[in-house]
Amino acid sequence: MSTRFDYYKACPEATETMLKLEEFIKGSGLDSKLYELIKLRASQINGCSYCIDSHTSDLKKIGETDQRLYLLPVWREVPFYTETERAVLALTESVSLIADAGVPDDVYEQVMKHFDERQFMVLIMAINTINSWNRIGIATRLLPKQK
């Protein structure tokens, strides 16, 4: 299995637009560890191997523990995530799987206990952006490099 083509070379304008979304999110005040948890959880849901590898590495660089990384797919079952992280992970799952049930009221209400409307929109943009990157990575068969 190999990468189909270099998406940046194929259409740099599209990639630059995606990178501007990343810049907006990074400059929004969203906690960097929370943003990386969003990216990793969405990538797990979507099955993007490149992004799972990349965001796991990024989280380790900023001090995330192996235990929390290993248990992220089952975050509801363990006490290792904060109430804020749990709300955002539930939102990440709901938005990533939006066709299943939309964003349920209870998920929205949990998120709004920790964030205002502007911050909610930043979270939505963060989730949408990683879902877009996942779809680009999967469609072009972007693969992680073996370490």
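Is Lys 60 buried, partly exposed or exposed? Lys 60 is partly exposed, with a relative accessible area of 42%, where buried means under 20%, exposed over 50% and partly exposed in between (1.4 Å probe, protein chains only). The structure is a predicted model, in which local features need pLDDT of at least 70, side-chain atom pairs count only at pLDDT 80 or more, and totals for chains, interfaces and linings use all residues. Residues are numbered from 1 along each chain as its sequence is written, and side-chain values use heavy atoms, with hydrogens and water left out.

Lys 60 meets the side chain of Asp 66 in a salt bridge of 2.2 Å, N to O; such a bridge is a side-chain nitrogen of Lys or Arg within 4 Å of a carboxyl oxygen of Asp or Glu. Asp 66 counts as partly exposed at 32% relative accessibility. In the whole structure, 8 salt bridges are found. One of them joins Arg 41 and Glu 93 at 2.8 Å, N to O. Arg 41 belongs to helix α3 (residues 32-46) and Glu 93 to helix α6 (residues 83-96), so this pair ties together parts that are 52 residues apart in sequence. Helices here are DSSP runs (H or I, at least four residues), numbered from the N terminus. Both Arg 41 and Glu 93 are buried. Glu 93 also meets Arg 76 in a salt bridge, at 2.6 Å, N to O, and Arg 76 is exposed, with a relative accessible area of 52%.

Next come the aromatic rings. Rings of Phe, Tyr and Trp (its six-membered ring) pair if their centres lie within 6.5 Å, with planes under 30 degrees apart counted as stacked, over 60 as edge-to-face and the rest as tilted. The count comes to 2 aromatic pairs. The ring centres of Tyr 7 and Trp 133 are 6.1 Å apart and the planes stand at 55 degrees, so the pair is tilted. Tyr 7 sits in helix α1 (residues 7-10) and Trp 133 in helix α9 (residues 117-139), so parts 126 residues apart in sequence are tied together. Trp 133 counts as buried at 11% relative accessibility, whereas Tyr 7 is partly exposed at 23%. Tyr 108 and Phe 120 form the edge-to-face pair, 5.3 Å centre to centre with 75 degrees between the planes.

Conventions. Helix = DSSP H or I, 4+ residues; strand = E, 2+ residues; numbered from the N terminus.
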